[in-house]
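Please read these points alongside the structure. They are meant for someone who has not looked at this model before.

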Amino acid sequence: MALDTVNGAASTPPRPSGGGRRARHAAARHGGSILRVIATLAFTFLGLLAVTFFIGRVVPIDPVLAAVGDRVNAATYERVRIELGLNLPLWEQFFRYIWAALQGEFGESVLTSNPVLDDIRRVFPATLELATVATVIGVVLGVPAGVVAATRRGTWIDHAIRLLGLAGYSVPVFWLGLMGLLVFYARLDWLPGPGRIDLFFEGLVTPVTGIILIDSALAGEWDVFWNAALHLVLPASILGYFSLAYISRMTRSFMLEQLQQEYVITARIKGLTERAVVWRHALGNARVPLVTVIALSYGTLLEGSVLTEIVFSWPGLGFYITNSLLNADMNAVLGGTIVVGAVFIGLNLLSDILYRLLDPRAR
């Protein structure tokens, strides 16, 4: 008893402070919020699988005839139909499809006779390379353009940047691609033509990542590197222009909102330079919603670079899906659609997590 009395303060279990409880509560709330986002995206992915399954069942293409041709006898037709599981009830086909898709099994391509996932692994790095360079162009040019337009609101500079962005939305991408090839390849001969690399450079570099710029740099094949970089200039610039138009418009909008806040007025009264107010404080706060904008723009380029890949004969995922669709190769079309949707969902999840990390109010 005496010992307890003397050392009462030490023997009594420490009670958690108010700050500690609040921190644990905030961490639990933040973790629960992240789990809700992940659950929402998981259900979205299941919805995507359901949509692609029913699209595959309603299109007027017989998967059996697409696989074996239209000159097979009835016995062979029925055997292949059973092998594909088309004799099963629709609900059982659906759950088999979901289970196979979750394991990355999308069947075999009619065109290449390869598993669809292997084909996607082969072509996706080309689309990733193109969309990544285009997004870098869009961010590096679009963010400063949006900031300048906001700080010069109502001037000719603002109007010029807005007109440039409007043109980026209005002019069809395939027309820009054709004009680019006509001017810079056919007339001026400044840049190489369609394709990812010249024919005599093909096969000189062993694919490691599938991205030629990285693989050629790792191999020390700088001639291949520069040839691939020159082939990338036109398609990446055209896609980057589309991305620039979107990012600059959204940056201008976010910056106009920030420049009207009281903290900006306070910073100016305290004597901070206009550069520090705009680029450090206002843009620092505008970067939070910009993360989501850039992520969505990147996902859109991965998904929507189909026309650019066709115009430039770029052997990416969009070219693969389009070619498969024209040849009624539905396994390849649906597999490619699922992969694009999964990438888009993943980018949404990444942008949401970054948003919460950058903005404590969202936690």
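Predicted model: local features only at pLDDT ≥ 70, side-chain atom pairs only at ≥ 80, totals over all residues.

1. Residues are numbered from 1 along each chain as its sequence is written, and side-chain values use heavy atoms, with hydrogens and water left out.

2. Helix H7 (residues 116-151) packs against helix H16 (residues 330-358) at an angle of about 55°, and their axes are 10 Å apart. Helices here are DSSP runs of H or I with at least four residues, numbered from the N terminus. Axes are lines fitted to C-alpha atoms over the stretch in contact, and angles run from 0 to 180 degrees between N-to-C directions. H7 and H16 are therefore oblique to each other (under 35 degrees is roughly parallel, over 145 roughly antiparallel, 65 to 115 roughly perpendicular, and the rest oblique).

3. On the H7 side, Val116, Ile120 and Phe124 meet Asn331, Ala332, Gly335, Gly336, Val339 and Val343 of H16; contact means heavy atoms within 4.5 Å. By class, this contact of H7 with H16 has six nonpolar, three polar and no charged residues (Ala, Val, Leu, Ile, Met, Phe, Trp, Tyr, Cys and Pro are nonpolar, Asp, Glu, Lys and Arg charged, and the others, Gly among them, polar).

4. Ser243 sits in helix H11 (residues 222-259). Ser243 is buried, with a relative accessible area of 1% (buried is under 20%, exposed over 50%, partly exposed in between, with a 1.4 Å probe and protein chains only). Apart from neighbours within four places in sequence, Ser243 is in contact with Ala134, Thr135, Gly138, Ser297 and Leu301.

5. Arg162 belongs to helix H8 (residues 156-170) and is partly exposed, at 45% relative accessibility. Between Arg162 and Ala149 the C-alpha to C-alpha distance is 7.7 Å, and they are 13 residues apart in sequence.

6. The count of aromatic pairs comes to ten. Rings of Phe, Tyr and Trp (its six-membered ring) pair if their centres lie within 6.5 Å; planes under 30 degrees apart are stacked, over 60 edge-to-face, and the rest tilted. Phe53 and Tyr97 form a tilted pair, 5.4 Å centre to centre with 50° between the planes. Phe53 lies in helix H3 (residues 18-58) and Tyr97 in helix H6 (residues 90-102), so the pair ties together parts that are 44 residues apart in sequence. Phe53 is buried at 1% relative accessible area, and Tyr97 is buried at 18%.

Technical notes: Helix = DSSP H or I, 4+ residues; strand = E, 2+ residues; numbered from the N terminus.
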